[in-house]
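Please look through the sequence and the structure shown here, and then read the report that follows. It is written for someone meeting them for the first time.

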Amino acid sequence: MTLAPSHPAATDLPAPLRERLGELGVTLLHVAPDGRAQIQQNGAWIARLLVQAPSFRVSLRRAWDQLLERPDTPVTLWPGVWLVGLPSRRRRRLGAAHDRSPVSAVLLVGAELLESEQFRAVCDNHELDYRATAARVAHDRLVSSAEVHRLAQMIAWMHEDAAQLNRHMDELKSLSTELGEAYEELSLLYKLSGSMIVNQPAEQFLTNACGELQQVVGVSWMALLLADEPRLEELCDQLFLAGPVAHETHTMRAIGQQIMECIGERREPMVVDDTRELAVEGLSEIADDLIVIPLRSEKQRLGILFGSNKLDGATLTSVDSKLCDSLANSLTIFLENRMLYDDMQAMFLGTLHALTSAIDAKDSYTHGHSERVALMGRKLAEAAGLDTHTCERVYIAGLVHDVGKIGVPERVLCKPGKLTAREFDLVKMHPEIGGRILQDIRQMEDLLPGVLYHHERWDGAGYPQGLAGEDIPLFGRLLGLADAFDAMSSDRTYRAAMQFDHVIAEVRRHAGTQFDPQLAELFVNLDFQPFFDLIQKHQQNKLRRPA
Amino acid sequence: MRTQPLILVVDDESHILHVVSLKLKNAGYQVITAEDGEEGAAAALEHLPDMIISDYQMPYMTGLEMCLKLRGEEATRDIPAIMLTARGFSLAEHQLAQARISAVVSKPFSPREILTHVYELLGDQPQNGQENVSTP
């Protein structure tokens, strides 16, 4: 006779339980509600005979519901034939009416079977000699009826433990996955907060942030478009991009602007599964799905982050949007800080301009003088190769270099014609008065040399201290030159402005006596157009002023 | 014979073991773990992994001591190693050179970054990895 091979059918049994049952040598069946059974493992010969017998199938069909009920109690099918059902907890709870797919069960055979009518019928059915078959089966591992209950209980415990272990493993895996994502997020935020320094070039920071996010989320590209917000200054309307994209930057910007329109006032991240649903021109060519994270301050829209196409082919999920969102928060803080910093800078410079205008207003001839000295001082500092920050400080020192004139009587400052020695002494006090006015402002400490020493001369004949050569601080030498140049180039109470060529000739002539010779050489080669533009602007302002 | 590279992960914090193991397994590597330096050294000598990822600060034997010990054994002399350290903690150059540590990653680390180091040291990811395989 031939017996059908056993098919290990799909099973919900935990793998470790199957292994253990295998080692115990018990037969594992897969039983369908119609009574058909398949051997999953350890098909003893007797088991194969049984599952093929129609009478066994009938008994199984009748007992099927019981297999789902009490797993710790064996179901007695025939004398000496027991089944221990191994339904999942969920199946046991929901019952047979809910789920009629095959259930796993352990088949236990005892010696009583060999004496039963049913066994004889099976042998007849298979055309086997009853005695020979019984003798052969007696060699198989048979259980005694006394053991069956204990064995069933143990198998049920093993099943329960294995299922619980499985659940714990699944839980551990999902927790580890979640923890891994949290690590990813934390490490990203650490990295970014470390590089979030206000005075680092913002472009660099934002480009890095885009790149990091593209890598961490694992998308083929990630872009950041900043809003058309004037307070963002040079960042306004800029696009930052990480990853290869088929479109040109201007097309990407246009796409970003359309997306920004689409999301309107939305604050939460958004995942779009199919970009064709969004009416954004050119988007579907580079993106199947899309993740969009709005960057918003309390009051206004600052920009959007948007990216697409996971590199592993998966779809974008809420985990990705959560990651992007926490980065978006950092970016928003960065942009807000930057705007505040810029506001403060603008306020500071505005205040200084107001202060210098107030000084210059004391003497209509010197209108705009401080601003022009600041401008040319900075240009000279740049030509001398000083760093950007120092050049900016020279500019500010230029703005305030004459602040001490507040302490000089107006009748002296505005006096037409030559000053008396006594009057000149009063004028000569303005650098030190200026120094005293500013000395308590900590943020302006570095500017003091420019204020104090812009009337010193290279040959030591200047005031207030008569310093000479390189003893005169650099800020003093720079502003001294710019100051003298502007004085010669504009009308004064005591004389008219000199011609430009004449002024340049004077600077050259006094190099090495009044001026630092090296700076004088750099100075005469500067581009003076911005200076003339400024003069023109100041003259127009002057004309508009009421007489 | 091993079909996929075997990586030994050593850390006394089980959550780190879980996160790193899972990331590596998902990428197609075989992983074994140990919870301190002594156990790690024993596991390395027994299984001769293709790579070691170890925490620095551990009871009984630091990750650095463990690596130094393994460098003294013929069988484990050339196994590449990555060291995990607490943020802000730095190991001296000569120590790293002596224990032949290929890369140092500070905690909290990015699991993705660790995987990048692994790819760099062991070559491309194994064939059956799921990390960059597209799903239907």
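In this predicted model, the side chains of A:Asp516 and A:Arg477 meet in a salt bridge, with 2.7 Å from N to O. A:Asp516 lies in the loop between H19 and H20 of chain A while A:Arg477 belongs to helix H18 of chain A, so the pair ties together parts that are 39 residues apart in sequence.

In chain B, B:Glu13 forms a salt bridge with B:Lys107, the closest N and O atoms being 3.1 Å apart. B:Glu13 is in the loop between strand E1 (6-10) and helix H1 (14-26) of chain B and B:Lys107 is in strand E5 (residues 101-107) of chain B, so this pair ties together parts that are 94 residues apart in sequence. B:Glu13 counts as partly exposed at 32% relative accessibility, while B:Lys107 is buried at 14%. Salt bridges that share partners join B:Asp11, B:Glu13, B:Asp55 and B:Lys107 into one network. Over all chains, the count comes to 25 salt bridges, including those in the table.

| Salt bridge | N to O distance |
|---|---|
| A:Asp516 and A:Arg477 | 2.7 Å |
| B:Glu13 and B:Lys107 | 3.1 Å |
| B:Arg112 and A:Glu184 | 3.9 Å |

The last row leads to the interface. Between chain A and chain B the rule finds one salt bridge, that of B:Arg112 with A:Glu184, and the count of residue pairs in polar contact is four. Helix H7 (145-194) and helix H8 (202-217) of chain A each supply at least two residues of the side of chain A that touches chain B, and H7(A) gives the most, with 12 residues. The residues of this side divide into seven nonpolar, six polar and five charged. In total, 18 residues of chain A are in contact with 18 residues of chain B, and the two chains bury about 1500 Å² between them, 59% of it on carbon and sulfur atoms. A:Tyr183, A:Glu184 and A:Asp312 supply 36% of the area that chain A buries against chain B, more than any other three residues.

Nonpolar side chains tend to be buried together in soluble globular proteins. The largest nonpolar core in this model has 42 residues, and those with the most contacts inside it are A:Met376, A:Phe485, A:Val507 and A:Phe523. The largest share of this core, eight residues, comes from H18(A). Leaving aside its neighbours within four places in sequence, A:Met376 is in contact with residues that include A:Ala482, A:Phe485, A:Phe523 and A:Phe531. A second, separate core has 35 residues, among them A:Phe56, A:Leu68, A:Leu77 and A:Leu107.

Some backbone features remain. Most residues other than glycine have a negative phi, and most peptide bonds are trans. A cis peptide bond, with omega about 5 degrees, joins A:Tyr463 and A:Pro464. B:Leu48 has a positive phi of about 45 degrees although it is not a glycine, and this residue counts as partly exposed at 36% relative accessibility.

Conventions:
Residues are numbered from 1 along each chain as its sequence is written. Chains are lettered from A and ligands numbered from 1 in the order in which they are written. This is a predicted model: local features need pLDDT of at least 70, side-chain atom pairs count only at pLDDT 80 or more; totals for chains, interfaces and linings use all residues. Side-chain values use heavy atoms; hydrogens and water are left out. Buried means under 20% relative accessible area, exposed over 50%, partly exposed in between (1.4 Å probe, protein chains only). Contact means heavy atoms within 4.5 Å. Buried area is the accessible area (1.4 Å probe) that two parts lose on being put together, summed over both. A salt bridge is a side-chain nitrogen of Lys or Arg within 4 Å of a carboxyl oxygen of Asp or Glu. A polar contact is a pair of N or O atoms within 3.5 Å; within protein, one must be able to donate a hydrogen and the other to accept it, and residues adjacent in sequence count only if both atoms are side-chain atoms. Helices (H or I, at least four residues) and strands (E, at least two) are DSSP runs, numbered from the N terminus. Ala, Val, Leu, Ile, Met, Phe, Trp, Tyr, Cys and Pro count as nonpolar, Asp, Glu, Lys and Arg as charged, and the others, Gly among them, as polar. A nonpolar core is a set of buried Ala, Val, Leu, Ile, Met, Phe, Trp, Tyr and Cys residues joined through side-chain atoms within 4.5 Å.
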